[in-house]
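Student: Could you walk me through how to read the features of a protein model?
Tutor: Gladly; let us look at one together.

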Amino acid sequence: MKTTWLKTALAVAVGALSSQAMAAGFALNEQSISGMGTSFAGRSSSADDATTLFGNPAGMSRLKREEVSFGMAAIHAKTDIKNNSGSFSGPALGGNTVPYSGSNDGDMVPFTAVPMGYYVKPIDDKWAVGVGVYVPFGLVTDYESGYQGRYFGDYSEVSVITVQPTISYRFNDKLSVGFGPTINRIEGELQSTSPNPVGPLGSNDGRVKVTGNDTALGFNAGVLYEFTPQTRAGVTYHSKVAYKLEGDTKLSGGSFDLTGAAGKYDASLDLDTPESVDVSLTHELNDQWTLYGGAMWTRWSRFEAIIIENDGIPGPLQGNLAPIVEEQDWHDTWSYAIGAAYKLNREWTLRTGLAFDQSPTNNLHRSPRIPTGDRTAISFGLAWSPSDDVTVDLAYSYLREEEVDINRSRTYQGGALEANYDSTFKNRAHGFGAALSYRF
């Protein structure tokens, strides 16, 4: 069970603000509030402010002045859980099926904030440098005490914080390129429960708590091409990042105490966050209207299985914990977005956008840690520029997912006991963002 955390969790962990994150799988989209207002359509071609350092490093060449931008996005999510059931079965019960109870409130994602900050400095007409700090992946799920799916994960908290020093070069009036290495720090804590076969099943559960961290390198690179002063296209590549998380697993309570297995054990997990390619187009119709469109491909198929290596696990538990292998079989995904901006006057700009994200999960291996399905989001944004030096961006997004089913089982005691959990999840979320950009 220890690897219960790392397995489903780190899978989900290494990247997500949980199933209600504003991007598919366990990725986060909230690296730009101005981009949030158009549902991130035109992310690799808009280059409106310093957040282009993430969206497309080549876009820094369009910024004429030194600029700092910082902001925060907040996510409020809600899940409806229905058609739920939990049971134990297996030879230990003589072939019988014994139901166990639990709640399914669906309030597992706390109000969560995602920070970001960027600095860009043009050196001359061709060169620009900058640095950004943002959160590309994150996970927070905290089910209530007594959650019925507790044997498959009831607490997960993982964050990836990235620092990206970046440089861009403008060849001519049309072509620019940009590149930035990324320094990525992942930290996580995952918890779940383990049934106690000695007492009444479903009560006096054992507790599995795992913590781990790692630092790894990657890179982002982009190309921006301006067909005309009004029309430009961008392509951005975000590399995969290979982590080897090192940490420990703490077993406590229930049968862990009774068998003397309680304690801490070393744990490790090799995990790659996926690469992605973002392609977009920005077209300024006139002095008031700007249109955006884009698509992003993400290589989630890298996530085939989670294999957790555990050291020092007592012999009776090794069948479950040393190592743990859990199939995921995720598939590559596409996301699409369209958006528009309307400039009311010199001070005010309105934005809106519509996005569709495919889910990489499948019905066979979907977990309560990431009960995600295909999603649709609509966004609205507002930019206020009281002077040429300052812009305040505000954004709101509403996201809905399709209904998805969870059908999970896990064996204990060498296969003598099996826990089962079935349910239907429907997720929705509200996203809020605010940012301030200042030009020197």
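Student: What should I know before I start?
Tutor: This is a predicted model, where local features need pLDDT of at least 70, side-chain atom pairs count only at pLDDT 80 or more, and totals for chains, interfaces and linings use all residues. Residues are numbered from 1 along each chain as its sequence is written, and side-chain values use heavy atoms, with hydrogens and water left out.

Student: How many helices and strands are in the protein?
Tutor: Helices (H or I, at least four residues) and strands (E, at least two) are DSSP runs, numbered from the N terminus. The protein has 5 helices and 20 strands.

Student: What does the radius of gyration say about the protein?
Tutor: The radius is taken over C-alpha atoms, and the globule rule is 2.2 Å times the number of residues to the power 0.38. For 440 residues a compact globule would be near 22 Å, and the protein's 23 Å agrees with that. Along the principal axes, the C-alpha atoms fill a box of roughly 75 × 40 × 30 Å.

Student: How do I read burial and contacts?
Tutor: Buried means under 20% relative accessible area, exposed over 50%, and partly exposed in between (1.4 Å probe, protein chains only). Here 55% of the 440 residues count as buried. A contact means heavy atoms within 4.5 Å. Among contacts with a separation of 6 or more, 73% join residues 24 or more positions apart.

Student: Which residues touch the most other members of the largest nonpolar core?
Tutor: In soluble globular proteins, nonpolar side chains tend to be buried together. A nonpolar core is a set of buried Ala, Val, Leu, Ile, Met, Phe, Trp, Tyr and Cys residues joined through side-chain atoms within 4.5 Å. The largest one has 20 residues, and F88, Y151, Y421 and F425 touch the most other members. Strands β1 (67-89), β19 (404-412) and β20 (417-439) each supply at least two of its residues, with the largest share, 5 residues, coming from β20. Leaving out residues up to four places away in sequence, Y421 touches residues including I81, Y100, F152, P368 and I406.
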